[in-house]
Amino acid sequence: MQILDGKTVAAAAKEQIKARTILHKNNIGITPHLAAILIGNNGASETYVASKIKNCEEVGFKSTLIRFELNVSESNLVEAIKKLNEDASVHGILVQLPLPKHIDEANIINCINPAKDVDGFHPISVGKLVQGLDTFVPATPLGVMMMLKYYNIETVGKNAVVIGRSNIVGRPMSILLSANTNPGNCTVTLCHSRTQNLEKICAEADIIVAALGIPNFLKVNMVKEGAVVIDVGITRVVDEKKKSGFAIKGDVDFENVAAKCSFITPVPGGVGLMTIAALLENTLKAAGAE
Ligand code: NAD
């Protein structure tokens, strides 16, 4: 069994991004600039956005954080996005999800200029992804693909199972794994809360991507000997032994599953770190860098 180490892959990706950023600045005088919009003060969202900003600094990007109170109106939010759309010095725009209930998420995503849609959630980006055209790919599934590539994991012709069909992770993951690319070219089964015989489907998979948000969901009896297991899940569970009062748990029963796998990602230290690296990659692309 080999650990797919997000720390190693993300560090390598960031080094490369840093070098390409210097080159881009020297060649055409452009510094990639990411603008993040954060609404309210949800603990997890605060942590994610702070980490994105910190990572931007580390690779030499500019970043701007725009904060709104939880009761911000949809029109004020739209106004802020329009300003960023028109600001030529901003290359990437992200709106940290989830949004408060009174705001229409689809409308907000639709307002982002697709050329600056570094989260890859705009319908134009999604349409291009489905058609196999060059576009911004949502960061978490892109990060998983970067990891598969780094470790040279054979995907062509393999049976892949993705658990979870969200627009952010599961569905784009299934599209990428089934694309005519390498990594890619898998036969993909996309499972969700209504899937029947999930255990049997998983037990036949060469590659499993668990992205449902239920800690320890994927048990050892659901995994074939030698399978590749990618754990996207991040759930905060109460842990009084930790200073923060919580521990981060993945969707895979790592302790029992790991020994049976050829490759497995840990949580933390796996896909989460890749998500940030992929966002940086998208921002560099939005700034026009090679
Ligand atoms: P979501 O709640 O939008 O979607 C969950 C999906 O899981 C749904 O499609 C649902 O049908 C499916 N599901 C729920 N219960 C199921 C069951 N019993 N059997 C099979 N399928 C079931 O969640 P999301 O935004 O896709 O996130 C999934 C997990 O990934 C969460 O833990 C989230 O925190 C984590 N996440 C991690 C990263 C990262 O960077 N590592 C990024 C995004 C999300």
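Trainee: Where is the place of Asn197?
Mentor: In the loop between E6 and helix H8 (198-203). Helices (H or I, at least four residues) and strands (E, at least two) are DSSP runs, numbered from the N terminus. This is a predicted model: local features need pLDDT of at least 70, side-chain atom pairs count only at pLDDT 80 or more, and totals for chains, interfaces and linings use all residues. Residues are numbered from 1 along each chain as its sequence is written, and side-chain values use heavy atoms, leaving out hydrogens and water.

Trainee: Why is Asn197 called exposed?
Mentor: Its relative accessible area is 57%. Buried means under 20%, exposed over 50%, and partly exposed in between (1.4 Å probe, protein chains only). So Asn197 is exposed.

Trainee: What makes the phi of Asn197 stand out?
Mentor: Phi is near 55°, a positive value in a residue other than glycine. Most residues other than glycine have a negative phi. Asn185 also has a positive phi, of about 55°. Asn185 sits in the loop between H7 and E6, and at 28% relative accessibility it counts as partly exposed.

Trainee: How do you know that Cys186 is in no disulfide?
Mentor: A disulfide is a pair of cysteine sulfur atoms within 2.5 Å. By this rule the count is zero. For Cys186, the nearest cysteine sulfur, that of Cys191, is 14 Å away. For Cys191, the nearest is that of Cys202, at 5.6 Å.

Trainee: Why does Cys191 count as buried?
Mentor: Its relative accessibility is 0%, so it counts as buried. Cys186, at 8%, counts as buried too.

Trainee: How many residues has the largest nonpolar core, and which have the most contacts inside it?
Mentor: It has 51 residues, with the most contacts made by Leu4, Leu177, Ile230 and Val232. Such a core is a set of buried Ala, Val, Leu, Ile, Met, Phe, Trp, Tyr and Cys residues joined through side-chain atoms within 4.5 Å. Helix H10 (residues 271-286) gives the largest share, eight residues.

Trainee: Why does this core lie between domain 1 (28-113) and domain 2 (139-272)?
Mentor: Both domains give residues to it, so it lies between them. The bounds come from an automatic or database domain assignment.
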